[in-house]
Amino acid sequence: MGRSTLSVIRRHPGQFGVVALSAHRSVAALEALAVEFGARRVALADSGALENRPDLVAVGWGTGADRIVELARLGGVDIVVNAVVGAAGLRPTIAALEAGKRCALANKESLVTAGDLVLRAAQRGGGELVPVDSEHSAILQCVGSARREEIQRLILTASGGPFRGMSAEDLQQADAAMALRHPTWDMGAKITIDSATLANKALEVIEAHFLYGLPYDRIDVVVHPTSIVHSFVEFVDGSVLSQMGQPTMELPILHALTWPRRLPDPVLRDFDPRTASPLVFEPVDEARFPLFRLGVDAGRIGGAAPAVFNAANEVAVEAFLKGMVSFTGIANVVEAALEALEGTAVATLDEVLSVDRTARSRAAAEVERMVRG
């Protein structure tokens with residue numbers, strides 16, 4: 001997402017300036033980008049990333065989660081693109097909103113783990129949430145100036161991932177290499193696995209609930225294998241609007257940077273409805289992909305449940321990528337954590353972060369139990 005954002009900015013010289021950059025641990029790549037874009041502040045989340053680069057420390061580069069948060073509230077910045085993976089993106093989101101910035105949010109976990117806290121941070125600081133997820137960007141574009149009471153239903157689309165037509169028996173044998181071969185999107189490993197399990201779509205349902213203020217029974221999901229239609233909005237008068245386009249994250253990134261206006265782009269104007277046909281839509285198979293229902297139910301329950309779902313899923317996905325649990329075992333790990341922490345309440349950021357740690361510990365214990373057999 002970060003590279004895609006810079007690709008968009010590169011195509012629009014004079015429209016945007018890059019003040020700060022961050023990454024997890026990719027020092028060499030970040031150094032080259034900082035020079036290219038003239039970023040004056042740079043940080044890496046991995047606290048040990050600069051151990052062998054005292055030259056970069058000497059010119060002000062920093063490490064650790066706190067330095068990422070500092071960048072999010074940095075003065076002289078209008079827009080913060082938050083593409084941090086997982087719950088680690090929550091603190092930067094809150095920091096940006098409290099500082100009155102537009103947060104172009106590609107970190108759906110911020111709203112999943114602490115939606116109420118994030119919305120209050122925006123009210124407190126005057127910040128603005130603009131979604132970067134293609135589905136939520138599509139909804140934003142379709143809603144336009146409509147009032148909330150004019151919206152009847154949101155319908156998010158899901159590609160179905162690489163295992164859409166696979167039987168339940170075959171899913172038990174699916175490995176990481178297979179799960180990482182997404183048919184339509186080019187994404188990082190974590191979100192690609194989440195797309196394969198449909199956990200990602202559950203996270204997006206929760207995100208939509210907070211972004212657009214609709215109850216869960218008015219947010220639906222359909223499987224759309226070609227990822228051409230990114231979402232639908234149904235209005236109370238029966239009208240249905242959709243936003244369509246080729247599956248590229250650069251379009252919603254550009255929209256988040258320029259919303260509510262549009263900027264001409266020489267690369268993204270290539271849609272041909274003849275090659276986009278046929279448009280196929282299918283129901284979600286909740287029996288074969290139980291993480292979807294687990295996640296949506298966690299959203300309905302509220303409290304700590306969404307944070308537990310997210311944290312346990314992150315642990316389970318990492319274990320799957322390492323070959324420690326099976327594809328179907330991911331859901332078992334998440335369900336065990338949800339059951340163990342059922343009924344937990346959260347009201348503050350510290351409590352959310354504490355639940356996140358506890359859920360990770362419980363999920364890790366379940367992974368260990370499964371490994372031992």
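Q: How many nonpolar, polar and charged residues are in the lining of the largest cavity?
A: In this predicted model, the lining of the largest cavity has 4 nonpolar residues, 8 polar residues and no charged residues.

Q: Which residues are they?
A: The largest cavity is lined by S134, S137, A138, Q141, H230, Q243, M244, G245, Q246, T248, L251 and P252.

Q: And which elements give two or more residues to that lining?
A: Those elements are the helix α7 (134-143), the strand β10 (240-244) and the helix α12. The largest share, 4 residues, comes from α7.

Q: What volume does the largest cavity have?
A: Its volume is about 50 Å³. The count of cavities of 30 Å³ or more comes to 1.

Q: Changing topic: in what order do the strands of the open sheet stand?
A: The sheet consists of 3 strands in the order β4-β5-β6, and their pairing is parallel.

Q: Why is one side of β4 and of β6 left without a neighbour?
A: The strands β4 (79-82) and β6 (128-131) stand at the edges of the sheet, and each has a single partner strand, so one side of each has no neighbour in the sheet. From one strand to the next, the twist averages 25°.

Q: How many bridges join β4 to β5?
A: There are 4 bridges between β4 and β5, the latter covering residues 102-105, and the two strands run parallel. Within this pair, V80 stands opposite C103 in β5.

Q: Which helices pack on the sheet?
A: One of them is α6 (residues 109-125), which touches β4, β5 and β6. The direction of α6 makes about 155° with that of β6. Helix α12 (residues 250-258) also packs on the sheet and touches β4, β5 and β6. In its case, the direction makes about 170° with that of β5.

Q: Now for charges: how many salt bridges are there?
A: The count comes to 29 salt bridges. In general, side chains of opposite charge can pair when their charged atoms come close.

Q: What does R11 form a salt bridge with?
A: The partner of R11 is D265, and the closest N and O atoms of the pair are 3.0 Å apart.

Q: Where do R11 and D265 lie?
A: R11 is in the loop between α1 (2-10) and β1 (20-23), whereas D265 is in the loop between α12 and α13 (273-276). The pair therefore ties together parts that are 254 residues apart in sequence.

Note on methods
Residues are numbered from 1 along each chain as its sequence is written. This is a predicted model: local features need pLDDT of at least 70, side-chain atom pairs count only at pLDDT 80 or more; totals for chains, interfaces and linings use all residues. Side-chain values use heavy atoms; hydrogens and water are left out. Two strands pair if DSSP finds at least two bridges between them. Axes are lines fitted to C-alpha atoms, for helices over the stretch in contact, and angles run from 0 to 180 degrees between N-to-C directions. Contact means heavy atoms within 4.5 Å. On a 1 Å grid over the protein atoms alone, a cavity is a set of points where a 1.4 Å probe fits but cannot get out, and a pocket is an open set with protein on both sides within 12 Å along at least five of seven lines; lining residues have an atom within 4 Å of a point. Grid points are joined across faces, edges and corners, and a volume is the space filled by probe spheres set on the points. Ala, Val, Leu, Ile, Met, Phe, Trp, Tyr, Cys and Pro count as nonpolar, Asp, Glu, Lys and Arg as charged, and the others, Gly among them, as polar. A salt bridge is a side-chain nitrogen of Lys or Arg within 4 Å of a carboxyl oxygen of Asp or Glu.
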